[in-house]
Every structure is written in structure tokens, then in C-alpha cells.
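Me: I am new to this structure and would like to learn how to read it. Please take me through the features one at a time.

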Amino acid sequence: GWEMCIRDRFCTKIINAFWQSKEMMSMDIGTRLKKARAGKASQQQIADLLKTTQQQVSKYENNIQEIPCRHIITLAKYLDVSTDYLLCLTDDKEKKW
């Protein structure tokens, strides 16, 4: 009845907020990669590191394609930033391990 309807609407709002935050986060990952790469490596150098193409790296940086987890770890090590920084979980580039 009525209680179920309110609970369902509340759950839907929470789920929508989660997906919006996930989309916002993924939109920032490309920008973070671009910033971390700037002055350190070209898109082609990153492509060679990841064994992919320069076009694929461009897709990552422009948030057209999601970056696989294994690449995030490789990129963080190569660019000397934390994975949390690349994933937009912190603004601190310093590694904490």
C-alpha cells in the first residue's frame, strides 16, 4: 500500500544518487589521468605502457571508455600518484603505503 510506495520512492532516490555520483566520479577520472600525465608522458607513451592504442588512451581521458582497474594501478605507479587520486577519492597525489 501507501507505505510500500514511499519506501520504494526513497530507495529509488538512493539508487539514483549512487549512480549519479558514480557517473560524476567516472567523468573526473579522465581529467585526473590527463592532469597526472601532463608533462610526464604523451598519450602514445601511456598507450605503449598499457599495451593499447593512443586512441584508447584518448577515450579514457575524454571519459568515452572506462579505464580498467589493472590500468589504474599501472598508471598510478608510472605517473607516481596514488590510485585514490586517479579515482577522485582524494585530491592528494601522494601515495600512502
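**Reading the helices**

Reply: The protein has five helices and zero strands. Helices (H or I, at least four residues) and strands (E, at least two) are DSSP runs, numbered from the N terminus. This is a predicted model, in which local features need pLDDT of at least 70 and side-chain atom pairs count only at pLDDT 80 or more, while totals for chains, interfaces and linings use all residues. Residues are numbered from 1 along each chain as its sequence is written, and side-chain values use heavy atoms, with hydrogens and water left out.

Me: In what order do the elements of the protein run from the N terminus on?

Reply: The order is α-α-α-α-α.

Me: What percentage of the residues of the protein count as buried?

Reply: Buried means under 20% relative accessible area, exposed means over 50%, and partly exposed lies in between, with a 1.4 Å probe and protein chains only. Here 26% of the 97 residues count as buried.

Me: How do I read an angle between helices, and at what angle do the axes of H2 and H3 cross?

Reply: Axes are lines fitted to C-alpha atoms, for helices over the stretch in contact, and angles run from 0 to 180 degrees between N-to-C directions. Angles under 35 degrees count as roughly parallel, over 145 as roughly antiparallel, 65 to 115 as roughly perpendicular and the rest as oblique. The axes of helix H2 (residues 43-50) and helix H3 (residues 54-61) cross at roughly 105° and come within 8 Å. H2 and H3 are therefore roughly perpendicular to each other.

Me: Which residues of H2 and H3 meet?

Reply: Contact means heavy atoms within 4.5 Å. From H2 come Gln43, Gln44, Ile46, Ala47 and Leu50, and they meet Gln54, Val57, Ser58, Tyr60 and Glu61 in H3. Five residues of this contact of H2 with H3 are nonpolar, four are polar and one is charged. In this division Ala, Val, Leu, Ile, Met, Phe, Trp, Tyr, Cys and Pro count as nonpolar, Asp, Glu, Lys and Arg as charged, and the others, Gly among them, as polar.

Me: At what angle do H2 and H4 pack?

Reply: H2 and helix H4 (residues 69-79) pack at about 125°, and their axes are 10 Å apart. That makes H2 oblique to H4. On the H2 side the contact is made by Ile46, Leu49 and Leu50, and on the H4 side by His71, Thr74, Leu75, Tyr78 and Leu79. The contact of H2 with H4 has six nonpolar, two polar and no charged residues.

Me: Is histidine 71 buried or exposed?

Reply: Histidine 71 has its place in helix H4 and counts as buried, at 8% relative accessibility. Leaving aside its neighbours within four places in sequence, histidine 71 is in contact with Leu50 and Tyr60.

Me: How do I tell which side of a helix its buried residues lie on?

Reply: An α-helix has 3.6 residues a turn, so residues three or four places apart point the same way. The arc used here is that of the directions from the helix axis to the C-beta atoms. In H2 the buried residues are Gln43, Ile46, Ala47 and Leu50. They cover an arc of only 105° around the axis, which puts them on the same side of H2. In H3, Gln56, Val57, Tyr60 and Glu61 are buried. The buried residues of H3 fall within an arc of 140° seen down its axis, so they line one face of the helix.

Me: Where does leucine 86 lie, and which residues does it touch?

Reply: Leucine 86 is in helix H5 (residues 83-86) and is buried, with a relative accessible area of 3%. Not counting residues up to four places away in sequence, leucine 86 touches Ile29, Arg32, Leu33, Ala36, Ile72, Leu75, Ala76 and Val81. The C-alpha atoms of leucine 86 and alanine 76 are separated by 7.2 Å, and these residues are 10 apart along the chain.

Me: What should I look for in phi?

Reply: Most residues other than glycine have a negative phi. Lysine 51, in the loop between H2 and H3, has a positive phi near 55° and counts as exposed at 77% relative accessibility. Asparagine 63, in the loop between H3 and H4, also has a positive phi near 55°, and it is partly exposed, with a relative accessible area of 31%.
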